[in-house]
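Visitor: Please walk me through this chain by question and answer, with cut-offs stated.

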Amino acid sequence: IMKRGILIAAMALGLVAAPRLWADSLFFAVVRPYAQYDSWLPASPAAPTAALYRDYFDTPALVNFGWELTSEQVDIAVRFDMRYDFWAYITSSAHANLPFVENGMNPVMDFNYPTVGYASWGDGNALVSFGRRKLKWGPGTYDIALSDAAPYFDNLWAQYKAKASYGTWWANFVAISMDRAAADGGNYYKVFEGAGSSNDPEQKTVLAHRIGFENSFLRVGFGELNVVYGVSPDLQDIGPLLVYHHLYQDANSNVLMSLSAEAKAGPARIFGEFVMDDFTLGFENSADKPTSMGWFLGGEVGLLGGEKFESARIDESAYALKESTFAEPRGLTVGFEHYRTTTYLYNRSNDAGKFTVPDHRFTFGNGYIDDPAAAFIGFLYGPNTSLDMVAVRHESKRAKLELLLKRLRQGSYGILDAYVQGSNTLDWYALTEPVSETWIAEFKGAYALSDRLRIEGLAAAAFGDDPGFRIGAGASWRIDAR
């Protein structure tokens, strides 16, 4: 109900504002025929992974359409996607998003839309956004606290900047409503794994606040995220100026601390983040939650100047709301990033208390299916992981290219495995044996024939313990009508 209320309120705000801003509004449609080969498909329906969900949402919908209203201070958008039915996608080869090429009408039969629906207002100092869209904190390609790995969040985002002679102070508050129908297990895992949660579905809400400082060469931020589960949040949870950890609501709360920093010198920047979920001191009870934390460190240098890629809003990522960074996506840049998450990061014994994004989805092939961990609120690869990544990016007015080379190492203990406290816990720091190691190369590219017509493609190859490859290509054409 809360999630539907967010979407209805966002759309209602748009309808109220529309008469005064009608000249800035438009209806749009995007047509995106796409073909691919994915060696990871068909996948096992018994254990869909977060990577499978990412591949699913990376596959473009054949058609999406909607309405936008934009002005100097207002941005309102709602978008409906005619996407592949999820069950048909994971249980077939899904070679194209065209109906009747294979799987009948299934390539356009996903009814879990919209993926975008929000209203926002902002000026030079304040910004308020309400609705459904991607969100992201932090200066890295990925983030360990709040990332854009999930397809969207139903959220309220509020921020304010106060300028001084030596820089700018800023504050940010975020509230996210999760799908409680799948937040603590559901018929998907009960049917296909026989290991459904012992608890009924529970309410799950994420409340986060962050403060920081920035000037022309330095940016730092400190914040907390609080997963409140099993109860409705009250004023002590919502208070943006409270210290969530010091509320000590352990039975229904999971608090994560985040500290990030970014520095710039000429064409180069360095950046990093540290997060802590739990920290067990020597004098604490052995039954306390095991230590869990994560961090990343990276650097990037611009080698050639260039222009920014010019394209109308086509992808879901074009509607994302992201924290400001010193990254300049233009010209040629080369960077390296190292990410590390420990064994128990994001975890709790109750599925609803984990830093995961549940998914409750209607499919024509199998009815309603539920997954309590379809994505992570933070790092896209989750806990118990080490990632080394080289990133090469080039952006010009007409072309946008990205090459990512990754060494991914993951321990065998996963987010849905039993959460053991006390003397029987695993090593909190070391990757749990056996450790898988996979080398990955990912390439994405787009060439714009105009700002509304482009060709695009991707290729990915993995070697090691999870080998496979994926290649896809297509075209996108956006049509606007005022």
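This is a predicted model: local features need pLDDT of at least 70, side-chain atom pairs count only at pLDDT 80 or more; totals for chains, interfaces and linings use all residues.

Guide: Residues are numbered from 1 along each chain as its sequence is written, and side-chain values use heavy atoms, with hydrogens and water left out.

Visitor: How many helices and strands does the chain have?
Guide: Helices (H or I, at least four residues) and strands (E, at least two) are taken as DSSP runs, numbered from the N terminus. On that basis the chain has 23 strands and 5 helices.

Visitor: What percentage of the residues of the chain count as buried?
Guide: Buried means under 20% relative accessible area, exposed over 50%, and partly exposed in between, with a 1.4 Å probe and protein chains only. The chain has 482 residues. The buried share of them is 50%.

Visitor: What part of the accessible surface belongs to carbon and sulfur atoms?
Guide: Areas come from the Shrake-Rupley method with a 1.4 Å probe, and for residues only the protein chains shown count as cover. The accessible surface of the chain comes to about 20900 Å². The share of carbon and sulfur atoms is 62%.

Visitor: Of the contacts with a separation of 6 or more, what percentage joins residues 24 or more positions apart?
Guide: A contact means heavy atoms within 4.5 Å. Among contacts in the chain with a separation of 6 or more, the share from residues 24 or more positions apart is 70%.

Visitor: Over how many bridges does E11 pair with E12?
Guide: Two strands pair if DSSP finds at least two bridges between them. In E12, Val255 is the bridge partner of Asn226, and Ser260 is that of Gly221. E11 and E12 run antiparallel, and their bridges number 11.

Visitor: Which residue in E11 stands opposite Thr205?
Guide: Strand E10 (residues 204–214) pairs with E11 in the antiparallel sense over 11 bridges. The two form a hairpin with 3 residues between them. E11 is mostly covered, with 9 of its 12 residues buried. Opposite Thr205 stands Val228.

Visitor: Which residue in the turn between E12 and E13 has a positive phi?
Guide: E12 and strand E13 (residues 268–278) run antiparallel and are joined by 9 bridges, with Arg269 in E13 as the bridge partner of Lys264. The hairpin of E12 and E13 leaves 2 residues between the strands. The residue in the turn with a positive phi, about 60 degrees, is Gly266.

Visitor: What space lies in the largest cavity?
Guide: On a 1 Å grid over the protein atoms alone, a cavity is a set of points where a 1.4 Å probe fits but cannot get out. Grid points are joined across faces, edges and corners, and a volume is the space filled by probe spheres set on the points. The count comes to 2 cavities of 30 Å³ or more. The largest has about 50 Å³.

Visitor: Which elements give two or more residues to the lining of the largest cavity?
Guide: Lining residues have an atom within 4 Å of a point; among them are Gly138, Arg210, Gly221, Ser260 and Glu323. By class the lining has 3 nonpolar, 5 polar and 4 charged residues, where Ala, Val, Leu, Ile, Met, Phe, Trp, Tyr, Cys and Pro count as nonpolar, Asp, Glu, Lys and Arg as charged, and the others, Gly among them, as polar. The elements asked for are strand E11 (218–229) and strand E12 (253–265).

Visitor: Is Ala94 buried or exposed?
Guide: Most residues other than glycine have a negative phi. Ala94, in the loop between H3 and E5, has a positive phi of about 50 degrees although it is not a glycine. Because its relative accessibility is 3%, Ala94 counts as buried.

Visitor: What is omega for the peptide bond from Leu41 to Pro42?
Guide: Most peptide bonds are trans. Pro42 is found in the loop between strand E2 (34–38) and helix H2 (50–58). The bond from Leu41 to Pro42 is cis, with omega near -5 degrees.

Technical notes. On a 1 Å grid over the protein atoms alone, a cavity is a set of points where a 1.4 Å probe fits but cannot get out, and a pocket is an open set with protein on both sides within 12 Å along at least five of seven lines; lining residues have an atom within 4 Å of a point.
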